[in-house]
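Subject: Structure handover

Hi,

Here is the structure for you to look at. Please open it before reading on.

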Amino acid sequence: MGRTLHYYDLVLVAIAASLGAGAVVGYATTIPYPAAIAALGIVAIGFIGHALFVNGPVDDPADLTEEVALEEVPTALSPIPSGPDA
């Protein structure tokens with residue numbers, strides 16, 4: 001079974017790469033370390049914004065209006081016990 005990279009995997013790599021590049025630039029050049037991290041942190045925020053608002057995780061805004069039944073929520077995500085055994 002082969003693994004493939006998806007868009008959100010690449011977004012995570014881009015965030016880590018931009019912050020890592022900020023650390024390298026701050027360490028290897030005369031640019032102050034906090035300024036380099038902050039500048040390339042803004043680039044990371046741009047990747048996050050694109051992933052959330054331009055290429056969001058839903059296909060259609062109408063998907064956001066659908067109500068999810070309590071039985072469909074995975075128990076690992078619910079801090080409150082639910083269901084017939086609760």
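My notes follow, from the whole chain down to single residues.

Source first. This is a predicted model, so local features need pLDDT of at least 70 and side-chain atom pairs count only at pLDDT 80 or more, while totals for chains, interfaces and linings use all residues. Residues are numbered from 1 along each chain as its sequence is written, and side-chain values use heavy atoms, with hydrogens and water left out.

**Overall**

The protein has two helices and zero strands. Helices (H or I, at least four residues) and strands (E, at least two) are DSSP runs, numbered from the N terminus. Of the 86 residues, 12% count as buried. Buried means under 20% relative accessible area, exposed means over 50%, and partly exposed lies in between (1.4 Å probe, protein chains only). The protein exposes about 7,100 Å², and carbon and sulfur atoms supply 68% of that area. Accessible areas come from the Shrake-Rupley method with a 1.4 Å probe; for residues, only the protein chains shown count as cover.

Contact means heavy atoms within 4.5 Å. Among contacts with a separation of 6 or more, 49% join residues 24 or more positions apart.

**The record**

UniProt (unreviewed entry) annotates residues 7–27 and 33–54 as "transmembrane region". Positions are given in the numbering used here, feature names are shortened, and annotations may be inferred rather than shown by experiment. In the model, residues 7–27 are 100% helix and 0% strand, with end C-alpha atoms 30 Å apart. Residues 33–54 are also 100% helix and 0% strand. Their end C-alpha atoms lie 31 Å apart.

**Helix α1**

α1 (7–28) has 22 residues. From first C-alpha to last it reaches 31 Å, close to the 32 Å expected at 1.5 Å a residue. The expected span is 1.5 Å times one less than the number of residues. Its buried residues are V11, A14, I15, S18, G22 and G26. They cover an arc of only 100° around the axis, which puts them on the same side of α1. The arc is that of the directions from the helix axis to the C-beta atoms. The face turned away from that buried side carries the exposed residues L12, V13, V24, Y27 and A28. Cover for the buried residues of α1 includes α2.

**Helix α2**

α2 spans residues 33–54 and also reaches 31 Å, close to its expected 32 Å. A36, G41, A44 and A51 are buried in α2. They cover an arc of only 125° around the axis, so they sit on the same side of α2. I42, I45, F53 and V54 are exposed on the face turned away from the buried side. What covers the buried residues of α2 includes α1.

**Two residues to check**

Start with S18, in α1. S18 is buried, at 7% relative accessible area. Which residues does S18 contact, leaving aside neighbours within four places in sequence? They are L40, V43, A44 and F47. The S18 side chain also reaches the backbone oxygen of I15 at 2.9 Å.

Then T29, in the loop between α1 and α2. T29 counts as partly exposed, at 40% relative accessibility. A polar atom of the T29 side chain lies 2.5 Å from the backbone oxygen of V25. The backbone nitrogen of I31 lies 3.3 Å from a polar atom of the T29 side chain. A polar contact here is a pair of N or O atoms within 3.5 Å; within protein, one must be able to donate a hydrogen and the other to accept it, and residues adjacent in sequence count only if both atoms are side-chain atoms.

Best wishes
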